[in-house]
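Please look at the sequence and the model before reading the points below.

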Amino acid sequence: MLKKILNVIRKEEGQGLAEYGLILALIAVVSVAALTALGGGITTTLGSVTSSL
């Protein structure tokens, strides 16, 4: 029985998937933060490009 408990504790199934999920969540948060911070500058730049056309 102790051997079965140790096998359950040592299993790492799903660990890789969880790590990928955390990386994707971090990328999403950083992307949203960057777009929020740069939103005004991008709008101004696109407006000037549109007006020059």
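The accessible surface of the chain comes to about 5,000 Å², and carbon and sulfur atoms account for 72% of that area. The model is a predicted one, and every value here is computed from it. Of the 53 residues in the chain, 0% count as buried.

**Overall fold**
- The secondary structure of the chain consists of 2 helices and 0 strands.
- Helix 2 covers residues 15-52.

**A nonpolar surface patch**
- Four residues, Tyr20, Ile23, Leu24 and Ile27, form a nonpolar patch on the surface.
- Together, these residues of the patch have about 460 Å² of accessible area.
- One of them, Leu24, is found in helix 2.
- Leu24 counts as exposed because its relative accessible area is 58%, and the term applies to values over 50%.

- A polar atom of the Ser52 side chain lies 2.8 Å from the backbone oxygen of Val49.

Definitions and conventions: Residues numbered from 1 in each chain as written. Predicted model: local features only at pLDDT ≥ 70, side-chain atom pairs only at ≥ 80, totals over all residues. Heavy atoms only, no water. Patch = residues over 30% accessible without salt bridge, like charges linked within 9 Å, V, L, I, M, F, W, Y side chains within 5 Å. Areas by Shrake-Rupley, 256 points an atom, 1.4 Å probe, with all protein chains shown as cover. Salt bridge = Lys/Arg side-chain N within 4 Å of Asp/Glu carboxyl O. Helix = DSSP H or I, 4+ residues; strand = E, 2+ residues; numbered from the N terminus. Buried < 20%, exposed > 50% of the residue type's maximum accessible area, 1.4 Å probe, protein only. Polar contact = N/O pair within 3.5 Å; in protein donor to acceptor, adjacent residues only side chain to side chain.
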